[in-house]
Amino acid sequence: MGEVSMLLKIAEQQAAADLQAAEEKLNEAGELAIDFSQVRRLDAKGVQALVELARKADEKAVKLVLHGVDVDVYKVLKLVKIDSRLSFAA
Amino acid sequence: MTTAKTVQERSPIPPSPDNLSAERISYLDNLVKQAKVAAAIFAQFTQQDVDCIVKAIVLTGLEHAQHLAQLAVEETKLGVMEDKVIKNMVATEFAYNYVKDKRTVGIIREFPERNLVELAEPIGVIFSLIPITNPTSTVLFKCIMAIKTRNAVIFAPHPKAGRCGAEAVRIMYEAALKHGAPEGVFSCLESNNFQDNAYLMHHTDVALIDATGGPSAVKAAYSSGKPALGVGAGNTPVYLERSADLKTAIVDIIISKTFDNGTICASEQTVVIDDAIYDQALKTFADLGAHICNESEAQLLSRTVIDPQNGCMQPMAVGQKATDIARFIGLSVKPGTKLLIAPIRGVGPEYPLSVEKLFPVLAVYRAKSVSEALKVCVDVNHRGGLGHTAVIFSRNDEVIRKFGEVINAGRIIVNSPGAIGALGGVYNDLVPTFSFGCGTGGGNSTTDNVNVYHYLNIKRLARRTQNHMWFRIPNQIYFNVNAVENVRQFPSHSTVIITNPALERNGHIDAVRRCIPPETHVHVSVIPDAEPELKVVMEGVEALRFYKADQIIALGGGSVIDAAKIMKLKYESPDADLEELAAPFLDLRKRVAQYPTEKVKQARLIAISTTSGTGSEVTPFAVLTDKERGRKITLADYSLSPDVAIVDPQFVMSMPKNLTADTGIDCLTHALEAAVSNYASPYTNANAMQAIAMAFKYLPLAYENPRDEEARSIMHNAACIAALAFANASVGVNHALAHAFGARFHVAHGRANALMLPHVIAYNAAVPAKFMPSPFQQGYEAHHKYAAIADLLGLGGKTVEEKVGNLIKAIEQLLDRLELPRSIADLGISRKDFEQAVPDLVKIAFEDPSWRSNPRMPLVNELAELFWKAYDGRSRAEIRAEARQQNA
């Protein structure tokens, strides 16, 4: 596990694609910080991509930290019950 | 829409993964997972988003109404295609008409006058059972409800209606998806069995079960431990009353009972017909295409369409045409016969046709009276139809009302067809539905027509309300020397003066009489100088009646004025029940007992106080002793407040010293307690602070020099001003303690207050062990209020704590100056006697309503501690030492 911390920005219109792309960064970082501040609404593909990213991060013991998560999006993560697999920062 | 259990059996099988293959469990889990994500995504949608999808799927449902009706009839072999088209249209168009303008996202309703807002929270994943009788219309309806409320649904059609149900789901899902609904919002089990249903009903991520089906399905849903909307079976009684519009009624019944071949569970089952119109009714039925069975034909029907083993309808008859049923059982009827009508003579197991029959067979009963008819309808209602639907045809409002009272049905349809009437929105203003809640009678959670609000968690945002406050005092208050002269201005034919012996002796009565116009008849009623007794009050009322009084003058201290208040109450409203009016209450505005507003007589009450303490001349309180039952009755209502108060110091100039001290401290306690009360307002604060300032300065002067007219006058006004405050802000725990202690040990009220006062201030100024739940309290501020009083009195101190300490010290010095006992022990009460009394004292003090406005909620052990602090108080030695120190 590396000590590198990285910050990835997620765009609302392509959240799913950005999250899929983030999977590549899991090899490079001990902690992967994802900037969610631009995401105001998440679709099913976005949720699925995040679930998959969380699964792979678990496998690689990488900590996923979501920054600037809007409360409506946060509620979606609670409803699909993946919040416990993620860390959140302001 | 529900069906009989013979039609749709769904057993409540416990969830056991052993009954399902791993592949099946994975399939079911995936359905739920997909629905869970869809529901989560859906939670972000706006009202506009969902309304757009709803409209689109409604139009799609309408477009496919006929196609789906055909599929349903072909697959289930039940019902009438044309009627199923109408059902599909009602399920879409009528449902839409009801929900289109309803808010179901965010704030859905606002009640500004109540400071209440309702917000919608979606349910999540709903598992929905679909019945065989309405396999497509129910799907269409539930899809609309789910989209409107942002929920995801997994549908489980009846196994014998799987294809048409799945097709309805597919059509609606594709339309919803096309217009932006989340993927996975609807899904349908492509085949299902009891194990699938049981597994899904117990699934962690399924939030609600919506079971429209037979009793077994409903029971399984409710037994799952999940929140469920289960709706039950019916057995609709119909009362065809003699005043009914017969032609309309018969056509309505035929429409309803033959609609979709009787598969709607709200349809008519037994028609109870008044004797006077029975023959005409049956003839009209026959003229319109019904076959009226003779006795042997009725017997044949009973044996064939009802299962003799279980008493339920035979599945082979459900949803079939009347002619087909007749042909099956060998009954000869005319071609085109719409309905088979069988007379029955009772309801129960020995009358098989008295149960639910979801096919065009109708039982009829001839009733000799309204009473008999209603009883038979109740019997039918209790034979499997509790909570469901009932129908009455009548023009007699009284009979309709009575029918509504005695029948237990969620829908009582008047002068219209039961089946279509119950669906709502067509013949009446009931909420449109395809799920009839049957209440507890049907083993359901609701009697409602299930609709959007049952698919929502409704959250209520309750803002803190600003309670209305008040400041109510007598109309007129006259004060200063010779204020009694003002009595002259009040016209009266007959005045009764209530007073006590001492005042009669010292000439005060003459001072009052001189001010009463000579043409007024005056009677003086002298009552004992003690807390008024019920007997004394009732004698006074007799005097008022005898003299036909139109004016009462109460001349005396608190006891006399209190007695006069109660006499006036009983004189004006003889039926007033004092015991009921004295019932305890928490909030004056919500009290159970209401004071009478209707009066048989009216008399003006003028209160002239002769002590400077109680302030009874302006308060809405009165205390009465019921000696027979050994208790006190405390009355409180603004209607008790005197009409006129006279605060004339000439009546207090001769007060003895000890009475000056006792009543003066009572006045100060009133003001101090009103100042920190939870009911305090700027209006009461102004009076409380003024009274405190006056009492602190002038009470010792009046005590030390009883002839000091200025001090007497100011103290007399101070007592009244303090009373204006506590009449509206009430008192506090000091009074609760003093009432209990004073009554037990026969200690004057003011003196009892004095013993408690320093300890209560220290108690209220500390951080409470328990805060008083009171909407009037804006944070805890008693200590700040005491500090403000210390500032007002110029007592010094930098911090709040210092100021409160200085206030307590100043009060202690005042009590010393008034030579009041500083501990209960000083009164000669032994520690042993007091210890024995404390449990009772605490109980009585806790029951006393006075502390309800106290800023700190007293706990029982705290009351005991306060009593003990008052018992020990400060010893005489301590007081003397302190005095020496000050002198030095």
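A nonpolar core is taken here as a set of buried Ala, Val, Leu, Ile, Met, Phe, Trp, Tyr and Cys residues joined through C-beta atoms within 7 Å. In this predicted model, the largest such core has 179 residues, and those with the most contacts inside it are B:I144, B:M172 and B:V272. Both domain 1 (23-231) and domain 2 (236-433) of chain B contribute at least three residues to this core. Leaving aside residues up to four places away in sequence, B:V272 touches B:P237, B:V238, B:Y239, B:L240, B:Y365, B:A367, B:A373, B:V376 and B:C377. A second, separate core of 125 residues includes B:I552, B:A554, B:I646 and B:A738.

In chain B, five strands with parallel pairing form an open sheet in the order β5-β4-β3-β6-β7. From one strand to the next, the twist averages 15 degrees. Strand β4 (residues 152-157) of chain B is joined to β5(B) by three bridges, and B:V153 stands opposite B:F186 in β5(B). Helix α1 (residues 22-42) of chain B packs on the sheet through β3 (125-130), β4 and β5, its direction making about 145 degrees with that of β4(B), while helix α5 (residues 137-149) of chain B touches β3, β4, β5 and β6 (208-212), its direction making about 165 degrees with that of β3(B).

The contact between the chains takes 10 residues from chain A and 11 residues from chain B. On the side of chain A that touches chain B, α2 (44-59) and α3 (71-79) each supply at least two residues, with the largest share, four residues, coming from α3(A). By class, this side of chain A has six nonpolar, no polar and four charged residues.

How values were computed. Residues are numbered from 1 along each chain as its sequence is written. Chains are lettered from A and ligands numbered from 1 in the order in which they are written. This is a predicted model: local features need pLDDT of at least 70, side-chain atom pairs count only at pLDDT 80 or more; totals for chains, interfaces and linings use all residues. Two residues are in contact if their C-beta atoms, placed from the backbone, lie within 7 Å. Ala, Val, Leu, Ile, Met, Phe, Trp, Tyr, Cys and Pro count as nonpolar, Asp, Glu, Lys and Arg as charged, and the others, Gly among them, as polar. A residue is buried if 20 or more other C-beta atoms lie within 10 Å of its own, exposed if 12 or fewer, and partly exposed in between; C-beta atoms are placed from the backbone. Domain bounds come from an automatic or database domain assignment. Two strands pair if DSSP finds at least two bridges between them. Axes are lines fitted to C-alpha atoms, for helices over the stretch in contact, and angles run from 0 to 180 degrees between N-to-C directions.
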